[in-house]
Structure formats: structure tokens, C-alpha cells
Amino acid sequence: MRSVFLYCGMLVFTLLALVPQNTLAGSPPPQTETKPFILPFDSPPGPVTWLLGQMYGNTTGAYGNRRNFYAAGQGLHFGLDFSAACGTPIVAIGDGVVIGADGPWGSAPHNLLINHANGWMSMYGHLLEKPKLKAGERVQQGQPVALSGDPDATCHSRPHLHLEIRDAKNTKFVNPINLIAADWDTLALFGQFGRGFERDLDNPRQWQTLYDQPDGLRGAPLLNEYAKPWPPAFDFR
Amino acid sequence: MHRDSRRAASPPPSAPPAAKVAFTTVPTSTSVPTRPNASPLSQTTDTPTSTSTSTNTPAPTPTPTRPSAQLSQLMDGGCCVSPFWAPDSQSVLFIDKPTATAPAGIYRVRLERPRQSELWTERIAFYTRELDYAQIPAQAGTRLIRVSDGQEVRIKNGGRTVQISPDRTRIVWTETRETFPIENRVSTIMLAKIDGSEPQRVLQTLRGGVSGWLDDNRLLVSGRASRDTTASTLFVYDLRDESQTEIVRAERLRLTAPSRGGTWIGYTLTSDPDPARNGLWVARSDGTDARKLDFFGPLQWRDDARFIYVPFEMDAPMHAFYEYDVTTGETRRLTPPDQTFKIASGDWTVSPDGSKIVFVNAADNNLWLRQLE
């Protein structure tokens, strides 16, 4: 597997050399690209409302917990965290049909899963209370669907929304940043707790940007069981 | 919107008073001198030696820099995230492995030779700003290495990173058992001589820790004082007399940034029950002169009185660097309005001399340099 990554990295490196300067691959998708979803809040970001928290992907935080919390998603933080006070209204990121609330989709204490017509599902986790929506109910993009909560259910521990985008088969997690239209570069000015993305020192350029993060397959082997990780992580339990 | 050259401080809606706070101080018998000579680090091991194993990497084909006298591309290939500065502010370092056969290591690009990186050292570590110490966390104990002669000691702290006092005589670190619920985690702040000897507990907080040294004797610390409160307190702890000076107490402290001389502290409050408190603040480290600023954004200090910040303005066509002087209250824009760039991943850093900024450009994921006057 590692050799595949190395090969891919070399291939990308070779391709980069062929691309005109300042239009490099690995850069954000062009602004003209249409992204199907919107942010899960109807209020603008800021210190009063919400801010970006942990990114999707191969974060240092996920790496440190790759064998426990994030093992199901190949060692990735397979969603996007938004820091928000308990009770902050959450809106549907796209038109869809509610699959259910408080189902077996993780992110306790309450969650909500919505199926969209474009092949994706959105999962809203760590909610304050069980959403009042019923399975089969239609929702529209921007419609309030839930209230943000706290995984520890205290509202002063680490209140945030955990948002996942999964494929329609519920087997794959993808990077929400590539599907949600937003000014991610500005949001990231105040995001990213910790030290960013974990490095594989055999291929340290891999997966180091917001946009360039791998998909996660449920139950598949870890993607980041590195022989030479940086920074190293230890079990402090 | 941002206006240049204005007084940015607004009257603090609820400016926290300078106050003593009561965290659990662990009695110690420390009598560490304030400015002794650096300890000898006598426990020598097979430390990496030279830091000048320079190996020129293939230089990419030079291409014209974007037409700006003060904004220039420093690296290409999208290689270099999390850059940091050499002490002389003349080169930038980053972790890389530029080709399949090149070693992984810390590479350096000199400002006078953009796009030509060279291996600085294969010893990947966390370095001090002065590059005089490196540390490599390891379960058996963090390896603390003096760069000048490679002398190394192991700090028996389970692999936690340490913070070194400005006079290079002492270290501190925070020990927190990662138990649940998170809010009840007990954090113990440990102090030792720089060789790891004489470790001692100095303070305990709930779910907090030490942010860093303000000077040779004062630490910036945060945490909850007890389980009876949900608020965290940011305070200054003086190792000489064990005094604790409160800077602010709030539900959500997001960023704490001491100025380079330790005189001032910048911090942000978010999601506070009192909305008027949320935002960017500065206060003196003696607990006085707290003020909420009428702008918001990430900051980095340029010196002991001025910081640089990037206004947090969603959907603005570009980012910009501004400077705020805490002594005068003046704000001024450092990048011209026609200079279009956005920072990727919030990845930017100010040079030690305060004259330059290096950042990852969101347009190409390359390092770019912004010279300041």
C-alpha cells in the first residue's frame, strides 16, 4: 500500500512539473466549480456564532486516535468540526429526505442523517437533542433541522457540530470541503486545532492541505499506520 | 470593514480586573536561580551532529515572480507547509523530501535564492525559535538536544513536548491523562532543570496547561480552577513567589498569544454567554489594561508591542495583513489593496526580526514571502 502511495506521490510530483506555474494541481478547486452543498449554519462565522474546528482527514488529532475513535474511518477524522455554542441552529446542507434521527451513525449524544438526491448523505452529530424530524420527511437546503450540542452532553466541555458527508451506500466518507461552497481559506484562518495534518516522513508532502485529503472507507485498514510518523503520538491514557 | 490608521480599541464591556486566582499550587522547595549559566547537559548520547549537511536539491526552472516588489514566491512544487524561520530571518525551513531518493529532513530556502531548497538537517524535530534546541517526543522520554554540540538528555515525561525558559535553564511541560469526561481531566504542570533533573509539580488545573514562558520566571497558564466552575481562567504564574495573576476568565478561550517580550497577551473569547465579550482582546501580563479590539482575526506578534493580524472577513476576495500597536492603539494595513493573495490553512508566520511574513499561498500551495517595511 505504501508503495502505491509513493508511486502516486511521484506521479503527482511529475505532473506538477508539467503544469504552468501558479496553476498547480493540489490547489483549491477553481472558484467557478459548482459545489452542491452549503454550510450547515444560517449565521455567518465569527466569535459570537461559530468557527471552524478540526478539519477532515489525516489530522494529527485523528492520527493520535487512529486505533480507537477513528479506526472505523481508516484513521482519518472522517468529518468536519465546527465550534459552536450549544443550541446554535443547524441547517440542511442540501435538499434531501431524512433517513432518521438518533440512529447507529455515531457522534453521540444525538445525530441526524439526511439522504440527498445527488448520491451523498449528510450526517450531523453531537446534537443537543434528538431532532424532531421524522424518517421520510423532506427537507430543503437551508432549512433548520437540528441544534448543535456537545459530545460530552454538558455544553461546556467541547461543544461543536460534527458534519460528515457519506456516499449513498454509507460505506465511504468524503471531504466536505470539496462539496460545500464556502470561503474555506478564510474559515481556516481560525480553524485547525493542533498541529495540522500528520506526516508520513516517507512521503511528507502527501495529504497536507485542506482539499487534498483521502476518502475513508468504513472498516478498511488504516491509511496512516506510518513507519515514520511526524509528529509521533502516544497514548496518554 | 477595516479602516486604516485608527484607534482600534473599544471600551471593554466587561474588562476583567487584575485579580489573584486560586489554583492548586504544589508546594515545592525549588530554589532555582533566576539567571544561572546554561546547564551543561552532561548526558551525552549519539546525537546527530552537523546541521550543515547541505545537499542541493534539483532547482526548478526559474519562472517570473508575480509583479510585486514586496510579495514574492519563495518555493514551488507545493512542498512546504508549516514553515518556520531561521533566527537571522534570512531563510525559511520546512519538512520535506523533495524527490523519491532524497532524504526526509528539514530543508531550507534562503530568501536570496528562492525556489532552491537545500537539506538543513535530517533530524526532524521541534526546534526553538533560536534553533538552539531540538526536541523529539518519544514514549521513553522526550529527547532534548542542544543543537550546538549535539548533547542530548531524555526528559522522563512520557513523550510530551516541553517548553524551554528564555535563559535556557529550565523546562516546563503539562501532564494530562486523557480520561473522560474531558472537562474533568486534571492537568499537572511540571518544572525541571533543562537537563531533566529535579522534576517537580508546580501547579494543577482542570483541563488546562501551560501555554509558555513570558520571561525567565513567569508562565502563561490556563485551566479551570475547580469543578464548581465551567469557566477557564487564563493567568500568569510566577515561579518566584507562586503568585497567580488572572488575565481573563471565560467559557471559551480559543487563542492565547503572548508578545515577544511577555508584556502583553492577546487572546480570543468565543461563544461566551455575554455576546459583547466575544472577540479579540489584549491585556498586559500584569493583568491590567484589558481591552477588546474592534476587529477579529488570528494574530502573531511582531515585537513586544505590535502584532500582525489577518482580518477574518468571509468572502473577501483576498486576505490582508494589518498591524496593531497596543501602545498607541493604531491600526494600519501592511499589504496594498491590489495585492491579491489568500493564505492556505491559516499557515503563516512572522520572521524573528518582525520584518517579513512567510505564508502558504492558497492559489498554488507554495511558500510566498511578504516583505514588510
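Student: Which residues touch the most other members of the largest nonpolar core?

Tutor: This is a predicted model, and its largest nonpolar core holds 138 residues. One of the residues that stand out there is Val172(B), which, leaving aside residues up to four places away in sequence, touches Val162(B), Gln163(B), Ile189(B), Met190(B), Leu191(B), Val210(B) and Leu219(B). The members of the core that touch the most others are Leu112(A), Val172(B) and Leu219(B).

Student: Is Thr205(B) buried or exposed?

Tutor: Thr205(B) lies in strand 17 of chain B, which covers residues 200-213, and its C-alpha atom is separated by 13 Å from that of Trp173(B), 32 residues apart along the chain. A residue needs 20 or more other C-beta atoms within 10 Å of its own to be classed as buried. Because Thr205(B) has 26 other C-beta atoms within 10 Å, it is buried.

Student: How many helices and strands does chain B have?

Tutor: Chain A, for its part, has a secondary structure of 3 helices and 13 strands, with 48% of its 237 residues counted as buried. In chain B, buried residues make up 42% of the 373 residues. The secondary structure of chain B comes to 0 helices and 31 strands.

Student: Among contacts in chain A between residues at least 6 apart in sequence, what percentage join residues at least 24 apart?

Tutor: The corresponding value for chain B is 44%, taken over contacts with a separation of 6 or more and counting residues 24 or more positions apart. For chain A, among contacts between residues at least 6 apart in sequence, the share that joins residues at least 24 apart is 69%.

Student: Which strand of chain B supplies the largest share of the side that touches chain A?

Tutor: The interface brings 52 residues of chain B into contact with 47 residues of chain A. On the side of chain B, strand 7 (91-96), strand 22 (264-269) and strand 29 (343-350) each supply at least two residues. The residues on this side divide into 22 nonpolar, 19 polar and 11 charged. The largest share, 4 residues, comes from strand 29 of chain B.

Student: Which residue stands opposite Ile106(B) in strand 9 of chain B?

Tutor: Another open sheet of chain B has 4 strands in the order 6-7-8-9, with antiparallel pairing, and its edge strands are strand 6 (84-85) and strand 9 (117-121). Strand 8 (residues 105-110) pairs with strand 9 over 4 bridges, in the antiparallel sense. Within strand 9 of chain B, the residue opposite Ile106(B) is Thr121(B).

Student: Which residue in the turn between strand 23 and strand 24 of chain B has a positive phi?

Tutor: Strand 23 (residues 279-284) of chain B is mostly covered, with 5 of its 6 residues buried. It is joined by 6 bridges to strand 22, running antiparallel, where Ile265(B) has Ala283(B) as its bridge partner; 2 bridges join strand 23 to strand 24 (residues 291-293), again antiparallel, with Trp281(B) partnered by Lys292(B). Strands 23 and 24 of chain B form a hairpin with 6 residues between them, and the turn residue with a positive phi, of about 90°, is Gly287(B).

Student: Where in chain B does the pLDDT stay under 50, with 63 contacts beyond four places in sequence?

Tutor: For the model as a whole the scores are ipTM 0.85 and pTM 0.84, while chain B has a mean pLDDT of 84, with 82% of its residues reaching 70 or more. Over residues 1-18 of chain B the pLDDT is below 50, and that stretch has 43 contacts beyond near neighbours in sequence. The stretch with 63 contacts beyond four places in sequence, where pLDDT also stays under 50, is residues 27-69 of chain B.

Technical notes. Residues are numbered from 1 along each chain as its sequence is written. Chains are lettered from A and ligands numbered from 1 in the order in which they are written. This is a predicted model: local features need pLDDT of at least 70, side-chain atom pairs count only at pLDDT 80 or more; totals for chains, interfaces and linings use all residues. Two residues are in contact if their C-beta atoms, placed from the backbone, lie within 7 Å. Ala, Val, Leu, Ile, Met, Phe, Trp, Tyr, Cys and Pro count as nonpolar, Asp, Glu, Lys and Arg as charged, and the others, Gly among them, as polar. Two strands pair if DSSP finds at least two bridges between them. A residue is buried if 20 or more other C-beta atoms lie within 10 Å of its own, exposed if 12 or fewer, and partly exposed in between; C-beta atoms are placed from the backbone. A nonpolar core is a set of buried Ala, Val, Leu, Ile, Met, Phe, Trp, Tyr and Cys residues joined through C-beta atoms within 7 Å. pLDDT is the predictor's confidence in each residue, from 0 to 100.
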